[in-house]
Amino acid sequence: IEQAVQAGLDWLIPRQQADGSWPGGCESVAYTGLAVLKLETHAIEDGFDPLDPTYPYAANVQAGLDYIMANANLVPIGPEPAGNPDSNGNGLGVKFYACWGSHEIYNTGIAMMALSASGHPEIYGDILQDAVDFMAWAQADPDCGLHRGGWRYSADSCDSDNSNSGYVTLGLGYAASSPPYGMNIQTPAWVVDELSIWLDVIQDDVNGDGDDGGSWYDPYWSWVNILKTGNLLYEFGLVGDSISTPRAQDAL
């Protein structure tokens, strides 16, 4: 296993760019976030603080986090029909993207994971809180019909799919986790309640077909696969379901 890990690191590290990113065009925040997250979890598993200079890849982690932070964008936010997303009262959320109009929800969810696992709330805690607030603000509203409670490519679009929503919940889940992987920044209860409604819509009914219990892509396109059903299971955990909850059993 250690040899396999090292082979992956030997492939990954030389591909980091001078600006701290891993190249991915307009999705480079997401590419960088995933690479940084893996370097952080590797550090944690080996007993290091990811930014401790004694960790061999600390400089790579810091450069990647600097790139992510350089692509943070402030968003004015305010009360939504389901609740107030502005938990710290500063009137702002934060989203991450390298190009205007790119997949801001994907990029932001992955950036949140990398910030969460940095192990340094004194540096990244405030901006992570604003990213959680942004995701709460970006959620599809109660008047969005079957799309209610999910997320799409851009914020507050009254349109949802369970690929984007899965990356949102990964970001929220990491933020809410305890150290060393998270910063105990909790998702607002009303966001969780709205998400639970979305999950009931997006899960395939158990009626004897081959997709029973899996996750649809959106309310009108079944396209069930393991990726989105894995998202569904993670989402069930975030809203408080246990392994014995019937809909979680159906997904399993």
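1. Ser102 is buried in this predicted model, because its relative accessible area is 12% and the cut-off for burial is under 20%. The residue lies in the loop that links strand 2 to helix 4. Setting aside residues up to four places away in sequence, Ser102 touches Cys26, Glu27, Tyr97 and Asn107.

2. Strand 2 covers residues 92-96. Four of its five residues are buried, so the strand is mostly covered by the under 20% criterion. Its partner is strand 1 (residues 72-76). The two run antiparallel and are joined by five bridges. Within this pairing, Leu74 is placed opposite Val94 of strand 2.

3. Phe96 belongs to the group with the most contacts inside the largest nonpolar core, together with Leu39, Leu65, Phe134 and Trp151. That core has 54 residues. Helix 5 (residues 121-138) supplies the largest share of this core, 10 residues. A second, separate core of six residues is also present, and includes Leu37, Met113, Ala117 and Tyr174.

4. Not counting residues up to four places away in sequence, Phe96 touches Val29, Ile68, Asn71, Ala72, Asn73, Glu104, Asn107, Thr108, Ala111, Leu115, Ile127 and Ala131. Asn107 is also on the list of residues touched by Ser102.

5. How do helix 3 and helix 4 lie relative to each other? The axes of helix 3 (residues 58-70) and helix 4 (residues 104-116) cross at roughly 135° and come within 11 Å. The two helices are therefore oblique to each other, and their crossing is left-handed.

6. Leaving aside neighbours within four places in sequence, Ile105 is in contact with Phe134, Met135, Ala138, Trp151, Arg152, Tyr153, Ser154, Ala155, Asn164 and Val168.

7. One more point concerns Ile105 and Ser165. These residues are 60 residues apart along the chain, and their C-alpha atoms are separated by 8.4 Å.

Definitions and conventions. Residues numbered from 1 in each chain as written. Predicted model: local features only at pLDDT ≥ 70, side-chain atom pairs only at ≥ 80, totals over all residues. Heavy atoms only, no water. Buried < 20%, exposed > 50% of the residue type's maximum accessible area, 1.4 Å probe, protein only. Pairing = 2+ DSSP bridges. Core = buried A, V, L, I, M, F, W, Y, C linked by side-chain atoms within 4.5 Å. Contact = heavy atoms within 4.5 Å. Axes fitted to C-alpha atoms, helices over the stretch in contact; angles between N-to-C directions. Parallel < 35°, antiparallel > 145°, perpendicular 65-115°, else oblique. Left-handed = near helix turned anticlockwise from the far one by under 90°.
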